[in-house]
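Please open the model in your viewer and keep the sequence panel beside it.

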Amino acid sequence: MWGFFPAYFKLLKPSGPVEVLAHRILWSVLFMVVALTAIRRWRKIAELLRRPATLGGITLAAIFIGINWGTYIWAVNVDRVVETSLGYFINPLVVIVLGVLVLHERLRPAQWAAVGVGTVAVLVLAVDYGHPPWVALVLAFTFAMYGLVKKRLALPPADGLFLESAVLTLPALAVLGWLASAGDLTFGQAGTGHALLLAAAGVLTAVPLLMFAGAANRLPLVSIGMLQYVAPTLQLALGVFAFHEPMPPVRLFGFCLVWLALAVFTWDGLRTARRTRQAALRAAEAPALA
């Protein structure tokens, strides 16, 4: 679903990126109100509202995901789908760097190698574009920071998504009011089908996030990490083959370096997970042998 988001957002024209973002936020809130009512979570929400530190973290997460959504929608509208896919390819490498800078984690040699190759890839792509790939870097950084804040908060997915969207509701309403007063609001002006597509943005935002959270509780972390390459791969394919965005040789070389970095990163993750599993089995067998 995430991989085909560019095709969906292309259908929302003539709405501009700002209006699409505002609708995405508002309809996400409404969808989550229905979902939370169905699963009877309002007492838990009320408890969270009495925790100022948690609300501060939720506000920070909302800011990062709002910037991420807005940048993504704008990039799709201006035919930079390929660059959005790059952002989600390099996201795991940005997460590694944040782990070092923020959480003071120590990297294994293979992880340093992956970060090094990824840095060279960004430099190559900067030469190709004539400037740093800002869209990709903003998407990668904001989503990595969003993930870091969410990890610290450790909230149930439905609760977190509702509160993050709720934080952004007032700005979204203000934007829609401003567009309406300027005569630039397209909702209800471009046909029923268009209005329904805008409203569906909330459902299409919430459902993949909730499905991802459910999968994260059932699958090993290594599997989740590998599956996250599916979405940017689909986005890249859409950008090149469906929307005919350019892929000159230098840009392709830059992407190949990113994929090499991800291959090293994935190989190291698989190897480490296997060693950890083997060590745990040996530790479990030791008492029995004694």
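**Around helix α7**

The model is a predicted one, in which local features need pLDDT of at least 70 and side-chain atom pairs count only at pLDDT 80 or more, while totals for chains, interfaces and linings use all residues. Residues are numbered from 1 along each chain as its sequence is written, and side-chain values use heavy atoms, with hydrogens and water left out.

Now select α7 itself, residues 134–153. Its 20 residues should span 28 Å at 1.5 Å a residue, and its end C-alpha atoms are 28 Å apart, which agrees; the expected span is 1.5 Å times one less than the number of residues. Colour its buried residues next, among them V135, L139, T142, Y146 and L153, where buried means under 20% relative accessible area, exposed means over 50%, and partly exposed lies in between, with a 1.4 Å probe and protein chains only. The buried residues of α7 pack against α4, α5 (81–101) and α8, contact being heavy atoms within 4.5 Å.

Select N68, which you will find in helix α4 (residues 52–77). N68 is buried, with a relative accessible area of 2%. Leaving aside residues up to four places away in sequence, N68 touches Y88, L139, T142 and F143.

Show α2 (residues 17–39) together with α8 (residues 157–167), whose axes come within 9 Å and cross at roughly 145 degrees. The axes are lines fitted to C-alpha atoms, for helices over the stretch in contact, and angles run from 0 to 180 degrees between N-to-C directions. On the α2 side the contact includes I25, V29, M32 and L36, and on the α8 side it includes D159, L161, F162 and S165. The residues of this contact divide into ten nonpolar, two polar and one charged, where Ala, Val, Leu, Ile, Met, Phe, Trp, Tyr, Cys and Pro count as nonpolar, Asp, Glu, Lys and Arg as charged, and the others, Gly among them, as polar.

**Stops in the loops**

H131 counts as partly exposed at 32% relative accessibility, and it touches R80, L125 and A126, not counting residues up to four places away in sequence.

Most residues other than glycine have a negative phi, and most peptide bonds are trans. With that in mind, select D79 in the loop between α4 and α5, where phi is positive, near 60 degrees, and the residue is partly exposed, with a relative accessible area of 45%. Then select H244, in the loop between α12 (230–242) and α13 (249–289); its phi is positive, about 55 degrees, and H244 counts as exposed at 63% relative accessibility.

Finish at P14, in the loop between α1 (5–10) and α2, where the peptide bond from K13 to P14 is cis, with omega near 15 degrees.

Methods. Helix = DSSP H or I, 4+ residues; strand = E, 2+ residues; numbered from the N terminus.
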